[in-house]
Amino acid sequence: MSIQSGERRYGASRSRWFLWRERLIETTIAVCSAMTILSVFLILLSIVREAIPIFFTAEDPASANFGGFFGQIVWQPVSDNPRYSLLPLILGTAKITVIAMSVAVPIGVLAALFSAEFAPRWVGEIVKPFVELLAGIPSVVMGFFALIILASIVQTLTGAVARLNALNAGLALGLAIIPVIYSVSEDALRAVPNNLREASLALGCNNWKTAVHAVLPAASSGIFASIVLGLGRAVGETMVVLMASGNAALVSWNPLDTTRTMSATIAAEMGEVVVGGDHYRILFLIGVILFGFTMILNILAGWYLSTMKRRLSGEV
Amino acid sequence: MAFVGSPAARPALLPLIGGRKTAWAEVLLTGLSGFATLLIVLTVAVIVINIVAGGYQVISWEFLTKPPTDGLRSGGIGPAIFGTVALVLLMVIAVIPFGAMAAIYLHEYARPNARWTKAVRFAVNNLAGVPSIVFGLFGLGFFIQTLGVGIDRAMGLDVTWGQPCILWAAMTLAILNLPVVIVTTEEALASVPPHFREASLALGATRWQTIWRVVLPQALPGILTGGILAVGRGAGEVAPILFTGAAYFLPYLPGQLTDQFMHLGYHTFVLATQSPDVDATRPVMFGTVLVLLVLTLLLNMTATVIRARTRSRQKSG
């Protein structure tokens, strides 16, 4: 009897302690999950805070203003008469991104189609590690490859005057984003239920018809999402373009001209600016633009993916 | 549907059912998509073979342990390897607990359709898409200019924390890798069959006891995978550490949290772009890239293998 009562007393205090501990742990865990939201806010807040004063308390308001950013065409931040036009940088980013996307989208989507629809299983098993290998190559190594090896090949083939140019950077960047497009597209294609394929085959369509008319339309939202995600990656990627594009801020659509992107500008110049100066703040402003743009693309991609999920589960 | 069989509808349906042209189209599409796949495989092979061929002669014990000499043109990469390892260790210590707990919240506690859960998922997805250079800006603007300068001011120090150093670089990378750890941990938690949890709860265990004693031990390989992937990315990412702590060259190894450090990726960048004499640097450069490549690929492969095992268990379980 004495043992029993002792146990009961022990049990009562233990359960109270357990309840407390349970609550404490649950709260800690919830706080940790809040860290993710906090991080996004902190990132936005801290880059906006460093950028915003440029519009109010610029050291050189004559050149560091809205008209200066988008009205002129010269990026010349370090000079007696600094020019801060973002146009050559935006144009450079657009040029390289277009080249990269026109390489990565066809290759990524077609290869995903091949793995998901046409290839026998064993081929897929061989291809997969290669794509994972490509995804695992650090961007600085890809930049190195573009700078030392690819650039010479591109120059020989095109006869470009500038060894490092937009084409070279675009090709390397395209390679770097193929894994994103491939893996998201492949997931989307594999998510298409088999009864769609079976229905199509039963109607007498061959593999090709089935892939193009039944599977691709069903997976289209997911493939769009992969393209949008790849685009976000391409616009924000830094090391590849920093090392492979030549980095002259020209206003030119010629893919064989040396080119400077927004991300590479931040990486190349942030080391040498005066903290709190105009140049410093403008580099943060470029960061804000990049953040905003990729955020929009991410939201878009998420929307496409959820559309696809709802469509496949038959809600739409 | 009623007039599918009517003669008028037949021409429209013909291309769907297939005629002579289809064989061509099939060959073309299969060929094109196969070619795209082949292109990926070949490119990867070309990149890896080039780097291995250019770098393997340089690799030796001296190269891996000695500091660079002769204006980075010869000598080894010992300090860069040390700096990279120290950096990723600090980062992993910071990111694993937070990432794992956030994942436990999302998978074990949160109601899937609650507004808060959706907000957390939205944040994780967006964090994964933020360009790495923006993380660098964040590290500079928040950790160094706000936190570091704040600490210095509060403690009345000279510039100690308010400058680029290994701690802030590691913290920046930790936030960069938060989504990686969360996603892989969640995947691991999902691979634990629900009836394990039900059995534990039915025996009277509390929610946390169930997670701690039943779920986590089984999900551990998955959490490890997240850590390994994060390490692989931390070793390779250069943009976030450009202005948060990486050093061009240091005569000493980092011994304190406020020291700067050398980094394999940054060292690659420096050798490839800042050297006045590229030909003289070439062997060292290829050697450095080879070490970095092998390191990141080995880490990624380990993660893939563990992941594949977890997945196969999930299928059989």
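Me: In this predicted model, in which kind of crossing, right-handed or left-handed, does helix 5 of chain A pass helix 6 of chain A?

Reply: Helix 5 of chain A passes helix 6 of chain A in a right-handed crossing.

Me: How is the packing of helix 5 of chain A and helix 6 of chain A described, and at what angle do they pack?

Reply: In general, two packed helices are described by the angle between their axes together with the distance between the axes. Here helix 5 (residues 139-158) of chain A and helix 6 (residues 166-191) of chain A pack at about 135°, their axes being 8 Å apart. Because of that angle, helix 5 of chain A is oblique to helix 6 of chain A.

Me: Which residues make the contact of these two helices?

Reply: From helix 5 of chain A the contributors include Met142(A), Phe145(A), Leu150(A) and Val154(A), while those from helix 6 of chain A include Leu167(A), Leu171(A) and Leu175(A). By class, the residues of this contact are 12 nonpolar and 4 polar, with no charged ones.

Me: How many residues does each chain bring to the contact of chain A with chain B?

Reply: The size of an interface is often given as the accessible area lost when the parts come together. Counted in residues instead, this contact takes 72 from chain A and 70 from chain B. Helix 1 (residues 2-51) of chain A gives the most to the chain A side, with 20 residues, and that side has 46 nonpolar, 20 polar and 6 charged residues.

Me: How far apart are the C-alpha centres of domain 1 and domain 2 of chain A?

Reply: The domain assignment gives domain 1 (2-55) and domain 2 (66-312) of chain A, and their C-alpha centres lie 39 Å apart. In chain A, 7 residues of domain 1 are in contact with 8 residues of domain 2.

Note on methods. Residues numbered from 1 in each chain as written. Chains lettered and ligands numbered in written order. Predicted model: local features only at pLDDT ≥ 70, side-chain atom pairs only at ≥ 80, totals over all residues. Helix = DSSP H or I, 4+ residues; strand = E, 2+ residues; numbered from the N terminus. Nonpolar A, V, L, I, M, F, W, Y, C, P; charged D, E, K, R; others polar. Axes fitted to C-alpha atoms, helices over the stretch in contact; angles between N-to-C directions. Parallel < 35°, antiparallel > 145°, perpendicular 65-115°, else oblique. Left-handed = near helix turned anticlockwise from the far one by under 90°. Domains from an automatic or database assignment.
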